Amino acid sequence: MIITRPKTIEEILTMLEKFAPSPICVVGCGICARKIQTGGETQVTSLVDELRSHGLDVLDGKMVKHACSATSWDELSEEVPALAQASALLVLSCGAGVSLLGRISGKPVLPGLDTTSIGGALGDDISEGLCSMCGECDVAIYAGLCPKSGCPKSQVNGPCGGSSDGDCEVGGRKCIWARIFETLDSRGLLALLDDTRPPVCHDRRL
Amino acid sequence: MGFADVLDSGKFIITAEVSPPRGTDLSGVLAESHQLQGLVDAVNVTDNQRAMMRMSPMVLCHRLEEAGFTTIMHITCRDRNRLALQSDLLAAHALGIRNVLAMSGDYPTMGDQPSAKPVFDLDSVQLLQMIEKMNNGLDFQDEPIDGPTSLCAGAVANPGARPLALQLLKLNKKVSAKARFIQTQAVFDAEVFHEFADVMKSTGIPLIAGIIPLKSARSARFMNEKIPGVTIPEDDMRRMEAASDPVSEGLEIAAETIARIRQHCRGIHIMPVGGQGNTRRLLEMCGLD
Ligand code: SF4
Ligand code: SF4
């Protein structure tokens with residue numbers, strides 16, 4: 001799941017003024033953004049209302065099944081008759097959805113959300129930053145708890161000096177290394193951490 | 001005598017810390033450092049300490065070396081990828097700097113440029129491995145460089161970090177990566193340090209204990225709350241609160257700590273809060289001048 005957070009209405013209004021001729025359509029995404037309530041039906045409808053209350057010409061708003069897929073465009077074309085008149089799309093999805101809709105539609109697209117990380121949801125409990133897409137997944141060593149993404153300093157050989165009583169030096173979070181250590185310890189698998197790990201090969205992501 | 005020789009000599013080691021200026025003028029810090037002349041085995045120069053922007057430590061190390069000091073250049077992984085780390089190590093070596101202290105570095109949000117990109121391409125263990133390779137005439141990709149470096153690299157540890165076993169996980173890797181010495185976070189609780197020194201004894205690695213003389217009750221409270229792994233004992237807090245001359249009381253507390261841990265470490269590293277005149281005073285109080 002891609003984690004997104006809403007831009008403020010002020011940011012959206014400034015962006016619309018700068019980059020988008022009206023009229024516009026608002027598009028939401030039925031997968032991640034709906035699940036974490038940043039781009040589901042409710043958010044699309046309320047943003048359409050809010051933009052109209054600011055005097056903007058909004059033709060329609062629609063949540064597609066998944067913004068990051070070509071089928072989203074077919075769905076929009078079929079179900080939003082006004083789409084052809086739209087001069088731009090304001091998209092409530094992750095950056096991938098925005099980018100993809102921009103490519104297929106040939107129209108200017110504007111992001112209504114900020115994309116922050118890959119995470120997951122356990123019911124209402126949203127976990128952020130579970131993977132940073134390093135291109136060489138070795139999370140088996142770390143009891144499935146990825147330090148490249150879960151640690152702000154991406155420490156792969158143990159905690160930094162700021163780890164204290166299970167807390168991270170970077171405000172308000174737990175040190176992922178404390179969790180890795182506890183989990184492996186409880187499984188009798190601490191020896192997995194004995195070897196010094198090499199740094200990430202960043203060229204593997206190219 | 002180079003710092004590597006001091007480490008080998010068995011002498012009680014004394015180092016002190018200075019920070020580069022937050023501007024272009026080195027005259028103040030050079031004059032201040034002058035007070036350390038003949039008093040310390042080496043001067044540590046910090047690298048954007050606590051993620052606060054300052055001049056590169058390489059320049060200050062160079063000027064201090066010219067003035068006759070042995071320096072230990074701090075080098076963090078926060079601001080440089082592996083290209084820049086190697087490049088800076090070669091440059092430091094070319095300038096006559098022979099000692100470095102490898103560390104991850106505080107996170108940018110702790111400092112005055114909170115939006116900076118946190119690099120952390122390597123961690124401190126991998127940085128030590130990089131230095132070892134360069135000392136063997138190889139770059140990080142194992143390709144030959146024109147002449148090996150001869151850098152004596154130390155690492156840092158925090159005796160107060162809990163759980164200790166978690167801290168040791170990485171510390172043991174630093175030892176395996178050929179760290180020549182371990183410099184610790186500020187020690188206030190001698191018992192905590194003794195426990196740490198006991199655990200590290202089998203590695204044989206020299207421990208240099210960090211010492212920060214407290215300056216005021218307020219700064220002591222700040223350190224207690226804001227510096228991970230630093231716990232100032234209640235008793236010391238009370239003494240600082242009651243003191244009519246807090247600076248002297250802080251030096252007194254530091255001198256007592258040094259006396260208690262002296263037999264358990266190879267040396268001390270003084271991080272003065274305020275002028276280097278206090279470093280001199282403290283060493284005099286300990287009979288180490
Ligand atoms: S190691 Fe971590 S960052 Fe890399 S792919 Fe696996 S989970 Fe993602
Ligand atoms: S405290 Fe732990 S999670 Fe936080 S930066 Fe350090 S190692 Fe990473």
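This note goes through a predicted model with chains A and B, point by point.

1. Conventions. Residues are numbered from 1 along each chain as its sequence is written, and chains are lettered from A and ligands numbered from 1 in the order in which they are written. The model is predicted, so local features need pLDDT of at least 70 and side-chain atom pairs count only at pLDDT 80 or more, while totals for chains, interfaces and linings use all residues; side-chain values use heavy atoms, with hydrogens and water left out.

2. Confidence. The pLDDT is the predictor's confidence in each residue, from 0 to 100. Its average is 95 in chain A, where 100% of the residues score at least 70. For chain B the average is 96, again with 100% of the residues at 70 or above. Among the elements of chain A, the mean is lowest in helix 4 (residues 71-79), at 92, and highest in helix 3 (residues 41-53), at 98. For the complex, the predictor gives an ipTM of 0.94 and a pTM of 0.95.

3. Chain A, elements and dimensions. Helices (H or I, at least four residues) and strands (E, at least two) are DSSP runs, numbered from the N terminus. Chain A has seven helices and seven strands, in the order β-α-β-α-α-β-α-β-α-β-β-β-α-α from the N terminus. Its C-alpha trace spans about 60 × 30 × 30 Å along the principal axes. The radius of gyration is taken over C-alpha atoms, and the globule rule is 2.2 Å times the number of residues to the power 0.38. Chain A has 21 Å, whereas a compact globule of 206 residues would have a value near 17 Å.

4. Chain B, elements and dimensions. Chain B comprises eleven helices and eight strands. Along the principal axes, its C-alpha atoms fill a box of roughly 60 × 45 × 45 Å.

5. The interface. Contact (heavy atoms within 4.5 Å) takes in 28 residues from chain A and 25 residues from chain B. The two chains bury about 2100 Å² between them, 57% of it on carbon and sulfur atoms; buried area is the accessible area (1.4 Å probe) that two parts lose on being put together, summed over both. On the side of chain A that touches chain B there are twelve nonpolar, ten polar and six charged residues. Here Ala, Val, Leu, Ile, Met, Phe, Trp, Tyr, Cys and Pro count as nonpolar, Asp, Glu, Lys and Arg as charged, and the others, Gly among them, as polar.

6. Salt bridges. A salt bridge is a side-chain nitrogen of Lys or Arg within 4 Å of a carboxyl oxygen of Asp or Glu. The whole structure has 25 salt bridges over all chains, but the count between chain A and chain B is zero. One pair within chain A is A:Glu169 with A:Lys153, at 3.0 Å from N to O. Both residues are in the loop between helix 6 (147-150) and helix 7 (176-186) of chain A, 16 residues apart.

7. Backbone details. Two peptide bonds deserve a look. The bond from A:Ser22 to A:Pro23 is cis, with omega near 5°; A:Pro23 sits in the loop between helix 1 (9-19) and strand 2 (24-29) of chain A. In chain B, the bond from B:Arg162 to B:Pro163 is cis, with omega near -5°, and B:Pro163 lies in the loop between strand 5 (152-157) and helix 6 (164-176). B:Ala51, a residue other than glycine, has a positive phi, near 60°.
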